[in-house]
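Trainee: I would like to learn how to read a few features of a model. Please give the general idea each time, then the case at hand.

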Amino acid sequence: MKRQIVNIINFIRGCEPRQEADLTTPVKEQVKLANKYDLKSTFLIMYDALCNPEFTDILKDANEKTEIGVWLEVVESQCEAAGVKWRGRPNFPWDYHANAGFTVAYKREERERLVDVLFEKFREIYGKYPRSVGSWAIDAYTYEYINNKYDVDAACTCRDQWGTDGYTFWGGYYNQAYYPSRYNMLCPAQTAEAQVNIPVFRMLGSDPIYQYDMGLDVNGVAAEWQGVATLEPVYCGRDGGGNPEWVDWYFEENFSGRCLQFGYTQAGQENSFGWPSMCNGLTYQIEKIAKWRDAGRLEPLTLGETGAWFKATFSETPATVVSALTDRHGKNRSSVWYDCKNYRADVFTEHDAFWIRDIFLFREKYEERYLHAVNDSISMTFDNLPLVDGNRYSGSGVRAGLYPYSCGKRLTYTSVSYSEQGSGASVTFHGTAAGDFTVAMTEGGVRFTAQSDFELRSESKGGDDEPSKRAENNVLRLNYRGFDYTVQVAAGILADEKTFRSDHGELFLALDR
């Protein structure tokens with residue numbers, strides 16, 4: 001039986017220079033909730049909070065199932081302890097800007113010292129090193145340093161998003177967890193030599209349908225930053241964790257069993273938002289988690305437990321699925337995200353249309369921007385290699401995607417079915433002009449089959465931010481940010497750099513390394 005896992009992860013900051021905030025009450029109430037329902041949870045604590053008994057004393061009241069780990073954002077007091085110059089703004093002992101509050105803002109040897117003082121302070125207080133570490137972003141060099149020096153079972157990092165709070169993580173493993181490349185924290189490794197053996201879990205529980213399209217503007221340009229449609233309880237809009245109707249829908253879809261290996265999400269909230277903002281949403285979620293645990297529908301675990309199980313179960317990044325086949329908003333939208341060590345892909349529907357909304361390739365040697373360099377910008381970007389980007393490459397009247405055509409017309413469908421085969425997942429569209437049309441995703445690539453021939457056309461607005469493409473025989477050669485990569489058409493025909501044609505109703509895009 002597939003495990004359905006939820007990590008309740010709350011992280012603790014010791015200061016909030018942006019506004020006056022009560023940072024202790026959220027922690028007290030989060031502890032009370034976990035105790036009331038006898039739930040396992042994880043608290044990840046920043047250096048400044050670790051040095052403050054106000055916070056560590058609260059955690060003494062947590063139940064024995066509670067895990068305490070570290071949250072690796074950089075603060076001024078941590079820099080002072082490490083002998084590193086603080087890069088934050090005046091009167092900002094913690095600074096959310098990416099050129100101050102994250103490891104990417106510091107040189108490699110400084111990153112090591114910042115990690116060491118955090119881990120040693122933790123051991124000074126708790127008598128052992130932490131087994132879990134989290135942050136919105138930890139660069140690949142720091143991940144490898146932690147892996148080599150400390151016995152860490154798991155890490156967690158931000159969901160995919162564009163520009164939110166100045167942080168971009170785009171084209172990564174969409175949910176669940178992966179083993180990162182030592183060259184790029186957002187990229188799963190393909191080989192043991194490049195693999196960092198700390199599984200990284202994606203945080204915040206993104207809406208599989210609506211989060212990706214946040215900021216999408218078909219007629220203009222994509223927004224500089226996306227809004228939020230996640231499980232975070234402070235977001236009370238139509239698609240957010242503060243809306244009980246959305247939470248109910250999200251749990252049903254996320255823990256449906258359509259996941260290949262295991263279902264996963266992260267609940268919880270950082271203390272910076274204050275208790276009044278999260279109270280109703282978090283209380284509802286915790287009560288629901290407890291009910292579903294009691295019914296045997298999901299399994300609350302600590303982040304460290306989940307990572308230890310993952311390492312014992314998977315020697316390399318597994319293939320997983322996160323999906324939503326029902327649409328709360330009545331537009332017949334659905335989304336099936338497939339992730340593996342080689343690529344990710346999203347099969348999307350809207351009304352009676354279907355297409356591939358997204359494909360990003362994972363190549364372990366594609367280096368993140370901060371592997372060697374220090375980030376001097378207030379923002380930061382981690383990404384992978386685009387083939388199809390339905391958000392950023394839309395505009396000028398074009399909704400980007402890989403669209404199926406038959407006899408010159410886009411295919412439509414009447415019904416859809418989902419199935420799994422080992423480490424592969426298939427979505428079949430019934431009632432199309434080409435007969436049953438199946439999109440079968442495996443670790444080797446994506447196979448499209450139908451009862452008659454068809455074309456796939458790659459449509460986008462065009463622009464300098466897109467990869468260059470060149471068709472050569474049956475190989476599509478791409479270059480993005482100076483990195484060369486290829487897609488081989490192993491069955492079917494590459495007609496040009498934007499057109500793929502089936503042969504006897506079959507087309508296979510080989511996406512492995």
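Mentor: Start with contact, which means heavy atoms within 4.5 Å. Helices (H or I, at least four residues) and strands (E, at least two) are DSSP runs, numbered from the N terminus. Buried means under 20% relative accessible area, exposed over 50%, and partly exposed in between, with a 1.4 Å probe and protein chains only. With those terms, the cover over the buried residues of α1 includes β1, β2 (42-45), α3 (53-59) and α8.

Trainee: What kind of model is this, and how are residues numbered?

Mentor: This is a predicted model, in which local features need pLDDT of at least 70 and side-chain atom pairs count only at pLDDT 80 or more, while totals for chains, interfaces and linings use all residues. Residues are numbered from 1 along each chain as its sequence is written, and side-chain values use heavy atoms, with hydrogens and water left out.

Trainee: Which residues of α1 are buried?

Mentor: They are T24, P26, V27, Q30, V31, L33 and A34. After α1 comes D38, with a positive phi near 55°.

Trainee: How does the span of α1 compare with what its residues should give?

Mentor: The expected span of a helix is 1.5 Å times one less than its number of residues. The 13 residues of α1 should span 18 Å, and the end C-alpha atoms are 18 Å apart, which agrees. For α8 (residues 275-294), the 20 residues should span 28 Å and the end C-alpha atoms are 27 Å apart, which also agrees.

Trainee: Where does α8 bend, and by about how much?

Mentor: The bend at a residue is the angle between axes fitted to the seven residues ending there and the seven starting there. In α8 the bend is about 30°, at G281. G281 is one of the buried residues of α8, including also W275, M278, L282, I286, I289 and W292. Among the elements that cover the buried residues of α8 are β1 (3-12), α1 (24-36), α7 (244-254), β12 (262-267) and β13 (299-301). G296 follows α8 and has a positive phi near 75°.

Trainee: At what angle do the axes of α7 and α8 cross?

Mentor: Axes are lines fitted to C-alpha atoms, for helices over the stretch in contact, and angles run from 0 to 180 degrees between N-to-C directions. The axes of α7 and α8 cross at roughly 35° and come within 11 Å. On the α7 side the contact is made by P244, V247, D248, F251 and E252, and on the α8 side by Y284, Q285, K288, I289 and W292.

Trainee: Is that crossing left-handed or right-handed?

Mentor: A crossing is left-handed if the near helix is turned anticlockwise from the far one by less than a right angle, and right-handed if clockwise. The crossing of α7 and α8 is right-handed.

Trainee: Which side chains make polar contacts with the side chain of D358?

Mentor: A polar contact is a pair of N or O atoms within 3.5 Å; within protein, one must be able to donate a hydrogen and the other to accept it, and residues adjacent in sequence count only if both atoms are side-chain atoms. The side chain of D358 makes one with the side chain of Y212, at 2.9 Å, and one with the side chain of R344, at 2.8 Å.

Trainee: What about R357: which side chain does its own side chain contact?

Mentor: R357 also lies in strand β17, and at 1% relative accessibility it counts as buried. The side chain of R357 makes a polar contact with the side chain of D213, at 3.0 Å. A polar atom of the R357 side chain also lies 3.0 Å from the backbone oxygen of I209.

Trainee: How far apart are the C-alpha atoms of G166 and T381?

Mentor: They are separated by 8.6 Å, although the two residues are 215 residues apart along the chain. G166 lies in the loop between β6 (161-164) and β7 (167-170). Not counting residues up to four places away in sequence, G166 touches S379 and M380.
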